[in-house]
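Have the sequence and the model open side by side, and let's take a walk through them. We'll go one stop at a time.

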Amino acid sequence: MKESSKKKSTLFRTDPGSFLAAVFCVFCAVFLIVDGQTVSKGVVSGIELCLKTVIPSLFCFMVLTGFLLQSGLYRLLSVPLSPITKHLFFLPPELGSVVLLSLIGGYPMGAKSIADLLNQHRIEPGCAQRMLLYCCCAGPSFIITAVGYGMFGSYQAGFVLYLVQLITSLIFAVVTGVFARRKKQKQVLACFAPANTPKPFLPFGQAFVSAVSGAVSSLAHMCGFIILFRAVSEAAANLFQNRFLSCILLGSLEVTNGCLLSGSLPLGILFASCFLSFGGFSVIAQLAGILKDTTLSMRPFLAARILHAVCSSFLIFCYLKLFPQTAAVFSSSSQPLPISNENTPLLTGCLIMMSILFLFELSQNRYNTPYPMKNTKSF
């Protein structure tokens, strides 16, 4: 009897995270029953976004990047960038092309490249953790064309936004390199000499096949998160009638909706720059999925995204102060997202619970593993 009572008591003795997860699941189930049509509309919108934008713009680039990493050709492309990589960023010279590709290939390219290099034992986790802080940037085509011209009606706005994102990331790279130089020599040299024996590079044929399969797997995970957060954003559009609050809420969830709404606000380019730097929880969840089999922590990355958003917004503010005549150019002619008059308390509770659960998950031990890495699983 005592043993059975002990088992029964431990069965219902749950930690706060499990309790919040259970309550959140109940909220989601009720909302899907009450207003499933809104969620379905968001799912369809997310699928269209993946098929028309995400996959066409990223698939070939991810295959190319994977082929360069698997075959070892990335080292050859890094030769012209080696002085900057070594002396300014204080990284191994052969990683110059990886940094460059991450800054022009879109949000997931940096994390995917870092994860591949970790699995090949070609960089140490400490070096990879430092690169993760700045190897995350929206692609120039998305910023210049979709955000600049499509949402603000100005290619100039797109060029300024991308230039600010690029400058901020480079500042992060230089600053983290300076801090790395101040560490003890043994810790610093470990970044240039991985402890584990690197895996051999693949022949070109095998590298191409591996790159294609890796790109398909990564895009499948990314599209899953995009569809989910698109559905959440569609539902969140019913929460607030205030355009400013809607912009902040949707921008923190998904960058595209945030930039679209910021285009209808006065000096909305400041908010657009902030959303592009942060990326939204959708991008953060995508990168967490890519890095799930590594020992890298997401907490420094999340803090860096917030600081990146502050710095990029400050640079935009300085630009508008120096060139006030360009402020009118950055006003948008696009229409804001439709906001329903219905204010759903149930949906508000769902979003609050989801945010708490996401932050709780980031604080778990699986994202807090110390830097030394023994063995890593391949994707």
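Why does F271 count as partly exposed? The relative accessibility of F271 is 24%, and partly exposed is the class between buried (under 20% relative accessible area) and exposed (over 50%), using a 1.4 Å probe and protein chains only. Before we go on, keep in mind that this is a predicted model, where local features need pLDDT of at least 70, side-chain atom pairs count only at pLDDT 80 or more, and totals for chains, interfaces and linings use all residues. Residues are numbered from 1 along each chain as its sequence is written, and side-chain values use heavy atoms, with hydrogens and water left out.

Now for some ring-spotting. Rings of Phe, Tyr and Trp (its six-membered ring) pair up if their centres lie within 6.5 Å; planes under 30 degrees apart are stacked, over 60 edge-to-face, and the rest tilted. By this rule there are seven aromatic pairs. One of them is F244 with F271, edge-to-face, with 5.6 Å from centre to centre and 75° between the planes. That pair links distant parts of the chain: F244 sits in helix α13 (residues 243–253) and F271 in helix α15 (residues 269–278), 27 residues apart. Helices here are DSSP runs of H or I with at least four residues, numbered from the N terminus. F244 is partly exposed because its relative accessibility is 40%. F278 and F281 also make an edge-to-face pair, at 5.6 Å centre to centre and 85° between the planes, and both F278 and F281 are buried.

Stay with α15 for a moment. Eight of its 10 residues are buried, so this helix is largely enclosed by the rest of the structure. Among those buried residues are I269, L270, F275 and F278.

Next, look at α10, which covers residues 155–181 and holds F179. How far apart are the end C-alpha atoms of α10? They are 39 Å apart, which agrees with the 39 Å that its 27 residues should span at 1.5 Å a residue (the expected span is 1.5 Å times one less than the number of residues). F179 counts as exposed because its relative accessibility is 53%.

Last stop: C136, in the loop between α8 (125–132) and α9 (140–152). C136 is buried, with a relative accessible area of 2%. C136 and G106 are 30 residues apart in sequence, with their C-alpha atoms 7.3 Å apart in space.

Conventions:
Helices (H or I, at least four residues) and strands (E, at least two) are DSSP runs, numbered from the N terminus.
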